Amino acid sequence: MTDSRMQRGQKWLEELLRLMKIPAKVKPERQATLAEQEDVSEPEPDSYWLTIDHTHLTPAQVQILLGAEGETLDAIQYLANAILNLGQEQQEQATYTVELNGYRVRRQAELRALAEYAVQQVRSNGQEFEMEYLSSAERRQIHTFLKEFTDLESYSRGKEPDRRLVVRRR
C-alpha cells in the first residue's frame with residue numbers, strides 16, 4: 001500500500017525540480033531506521049527518503065542541487081519538510097530526507113565518525129568536545145547517535161548561525 005504522504009513528497013519535489021528547469025524523477029522510499037536495518041524493530045512509518053534520480057543530470061545540475069557542502073540540498077529538504085507538513089494534523093505529518101547522488105549516505109557516515117571521535121576524545125581527556133558548524137539536521141543526527149553512550153550527554157550551545165554541538169561526561 002502506498003502512503004499518500006510519500007506520494008505528496010515525490011510530487012512536490014518533482015514540481016520544484018521542474019520549476020528549477022532541472023526535470024528529474026524522484027524515487028520515494030519509506031526510510032529504514034537503524035533498528036530495522038539490523039532487524040530489531042519496526043521502521044518509523046512517517047519518515048521518507050526522496051531520492052533525486054541523477055542519471056540524466058549534468059555534473060553542473062548535480063552541483064547546483066547540492067550547493068556548497070550540501071547547503072542547497074539542505075535548503076530543499078528544509079522546504080520540503082516545512083511546506084509538506086504545513087496545515088497537516090500531527091498524525092499526518094512526516095519527515096522527509098532529500099537525497100542526491102549518495103550525498104546523504106556519505107554525510108551520515110561522516111557524522112557517525114565525527115560522533116565516535118567526540119566520544120573517544122571526551123572519554124580519554126575528560127574535557128567537553130565542541131563540534132564545528134553543523135546544520136540543525138546534522139546536530140539532531142549526532143544527538144541521536146550519541147544517545148547510545150549513557151556516560152555522555154550532548155547539547156547545543158549558542159545561537160544560529162554559530163550554534164555548536166557539545167559532548168561531555170554526565
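How many bridges join strand 2 to strand 3, and do they run parallel or antiparallel? 6 bridges join strand 2 (residues 47–52) to strand 3, and the two run parallel. Two strands pair if DSSP finds at least two bridges between them. Helices (H or I, at least four residues) and strands (E, at least two) are DSSP runs, numbered from the N terminus.

Ground rules. This is a predicted model, where local features need pLDDT of at least 70, side-chain atom pairs count only at pLDDT 80 or more, and totals for chains, interfaces and linings use all residues. Residues are numbered from 1 along each chain as its sequence is written, and side-chain values use heavy atoms, leaving out hydrogens and water.

Back to strand 3, residues 95–100. Tyr96 in strand 3 stands opposite Tyr48.

3 strands form it in the order 4-6-5, with antiparallel pairing. Strand 4 (129–130) and strand 5 (152–157) stand at the edges with a single partner strand each, so one side of each has no neighbour in the sheet. 2 bridges join strand 4 to strand 6 (residues 164–169). Phe129 stands opposite Val167 in strand 6.

Now the helices. Helix 5 (residues 103–125) lies across strand 4, strand 5 and strand 6, at about 40° to strand 6. Helix 6 (residues 136–146) lies across strand 5 and strand 6, at about 15° to strand 6. Axes are lines fitted to C-alpha atoms, for helices over the stretch in contact (heavy atoms within 4.5 Å), and angles run from 0 to 180 degrees between N-to-C directions.
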